[in-house]
Amino acid sequence: MIEFRLPSLGADMDKGTLLEWRVQPGDNVKKGDVVAVIDTTKAAIDVECWHDGRVEALLIEPGDEVPVGTVMAVLREAGETAEQLRARIDALRAVPTVPTSRVTPVAGVPRRVAVSPAARKRAAELGIDPAELTGTGTDGAITLADVEAAATKVHAPGRAEVMRQTIAAAMSRSKREIPHYYLAEDVPLAAATAFLAEHNSTRSVTERLLLAPLLLQAVARALQRYPDFNGFFRDGAFIRGIGIHVGVAITLRNGGLVAPALRDVPNKDLDTLNRELLDLVQRARAGSLKASELSDATITVTSLGEQGVRSVFPIIYPPQVAIVGFGRVLEQPWVIDGVVRPVPLVTASLGADHRTSDGHRGGLFLAAVRELLQRPQQLAQASP
Amino acid sequence: MTARTTTYREALRAAHREALERDARVFIMGEDVGKYGGSYAVTKGFFDEFGPERIRDTPLSELAFVGIGVGAALGGQRPIVEIMTVNFSLLALDQIVNTAATVRHMSGGQFSVPIVIRMATGAGRQLAAQHSHSLEVWYAHVPGIRVLAPATLEDARGMLWPALEDPDPVVMFEHAQLYNLEGELADPAPVVDIERAAVRRRGRDLSVVTYGGSLPRVNEAVNALAQQGIDAEVIDLRVLRPLDWDTIVASVRKTHRVLVVDEGWRTCSLAAEIITGLIERAFYDLDAPPARVCSEEVPMPYPKHLEDAALPMPPKIVAAACRVCGTAA
């Protein structure tokens, strides 16, 4: 039996709302199939299932908001009978699974927020989510007065505001818990820009390689040498990431930020990375990311791009242990073979978790990024 | 129009006198209603004034004299039958429930039973467990009869005549503690209906629904609540069957909270019916769980302190109202 639970789609997610089931009881599901669409504070996410099985029971309904870890569906594995699953399904159904508590559930069994019928009706009329309110009624129930008080506030927080709050929570946690150290290095990009110019000379505008995939690949290859920057700090210990999945910080048009992952970066050639990166940015902005993309990143890369400034001191996205930043590419005087010459430079920076690595090791990692970018032809090929 | 000070008992007496004078078919029958003047002195002096034909003492047999009343009503008279207390009326349940309430239905509308059956109800006078119960809901349960609970001087004065005009059986409950209720009554007395509940006090925070002998206790409690800033509306049901849902629902739609105060026992009480009916009709208007204050589920105790403890007295009403309103008592 497989219990399909609401996955955490990022360290800042503690609950999600089911928008849609993509499967029905009786459907056969294969590993990687999208089974549900979940609304998080950030976006509507397609959630995949990572097991093969047959959908035996769907335990929540569209519109239900449940905490991370809630069993949403039960799948029957090959060789099992419906009878074997019945007791467990009945037990799951007996527990109220529609809690949406604003506070963290204390004892594991979440309780439905008490909203008086009149308050619920009025909230629906006003477009207010009563679960976001603090109740003042009997036993903390949300009353008509609570809803109307909320309605008199200037506006209910929109998605952008909610996202701001979740970013605030994640970044506060990062700065509170993670002892960051920072390193920076100027990286000459003469070879890289020359490589891109040559590579793109025969291509149409839409097929041109961008600098970003090259930078991502340099980070990914450096991580192969220094895997202690690739992974998570959990329960007081570093856990090495399985695979190198590079989270790409993407600014959204309505404000806010997501950092979905490009999976298995070292195994991809630049054209593939280029295509996948464009696709990722487009889908992030359209709000159609997959769950795995939001939760899988083992490191994050943030690029300020051409509108940005020279360097960035990035903050780690917990529970990751490192983040690499790239500033704006600038033509700068640079001494080569005793001669000052104009060279395109980018400042690469590293924010790393001092609990899991030290500055010396971080320096070696960042230097590796620099060296890899001097040999762009090697980065162009998928890692053997 | 002038007003004069009177009592609930005097108002009832005046109503009976008026009925006897207006309609020759009206006669009064019951235990000790004649020479003794009635256990609660409602008919005091009538025996001499109207004579034994119209003010008839009966043997101690509720089944028999209520049955005679039903027969007289079928025969075209307008009997007023007085039963000492609701506890004793159980002996006459067969005549009321099986006969009076059913004849119109079973005769296909050919016969009706225009009888008025009055009885005292309720506790508070240390009459113990066989004379003190509030069994109004037993009658309110039965289709075919109208059940009244006058709780004010106006209703004591005014309900009898429309009850007599009703072509079907009417059961009227007079709470034993109300007989000595004093107050002003307009002269001539206002005409009242036997259809609608009455809003006795306007308020915006909470609807307190009650009837009969609980009304004065509710009034006392509501005054205390006002001191605490809770503005309660008081609904006097007046008619226990059929219930006036329009008035009850309109009040709750306004206040969004309801407390029912009912001297009957809690289980299967009128309070239970009112709360259920409100949930059916006004669920989405409720802003707090409905609540009720009823009598404790024991035979009514004799000692004063235990009797008081068993009844829905003002402090219990205040506490329950505060809970419904989400404030500390």
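This is a predicted model: local features need pLDDT of at least 70, side-chain atom pairs count only at pLDDT 80 or more; totals for chains, interfaces and linings use all residues.
B:V324 is found in helix α14 of chain B, which spans residues 314-325.

Chain A contains an open sheet of four strands. Their order is β1-β8-β6-β3, and the pairing is antiparallel. The edge strands of chain A are β1 (2-5) and β3 (28-29), each of which pairs on one side only. Strands of a sheet pair through backbone hydrogen bonds, in either a parallel or an antiparallel manner. Within this sheet, strand β6 (residues 53-58) of chain A is joined to strand β8 (residues 71-76) of chain A by four bridges. These two strands run antiparallel. A:L58 has A:A73, in β8(A), as its bridge partner.

A helix accompanies these strands. Helix α1 of chain A, residues 82-94, lies across β6 and β8 of chain A. Helix α1 runs at about 175 degrees to β8(A).

Elsewhere in chain A, two helices pack together. Packed helices are described by the angle between their axes and by the distance between the axes. For helix α6 (residues 211-225) and helix α7 (residues 270-286) of chain A, the angle is about 115 degrees and the axes are 9 Å apart. This angle makes α6(A) roughly perpendicular to α7(A). The crossing of α6(A) past α7(A) is right-handed. On the α6(A) side, the contact involves A:A212, A:P213, A:L214, A:L216 and A:Q217. These meet A:L270, A:L273, A:N274 and A:L277 in α7(A). Seven residues of the contact between α6(A) and α7(A) are nonpolar, two are polar and none is charged.

The two chains also touch. Ten residues of chain A are in contact with ten residues of chain B. On the side of chain A that touches chain B, helix α2 (residues 117-126) of chain A gives the most, with four residues. That side of chain A comprises four nonpolar residues, five polar residues and one charged residue.

Note on methods. Residues are numbered from 1 along each chain as its sequence is written. Chains are lettered from A and ligands numbered from 1 in the order in which they are written. Two strands pair if DSSP finds at least two bridges between them. Two residues are in contact if their C-beta atoms, placed from the backbone, lie within 7 Å. Axes are lines fitted to C-alpha atoms, for helices over the stretch in contact, and angles run from 0 to 180 degrees between N-to-C directions. Ala, Val, Leu, Ile, Met, Phe, Trp, Tyr, Cys and Pro count as nonpolar, Asp, Glu, Lys and Arg as charged, and the others, Gly among them, as polar. Angles under 35 degrees count as roughly parallel, over 145 as roughly antiparallel, 65 to 115 as roughly perpendicular and the rest as oblique. A crossing is left-handed if the near helix is turned anticlockwise from the far one by less than a right angle, and right-handed if clockwise.
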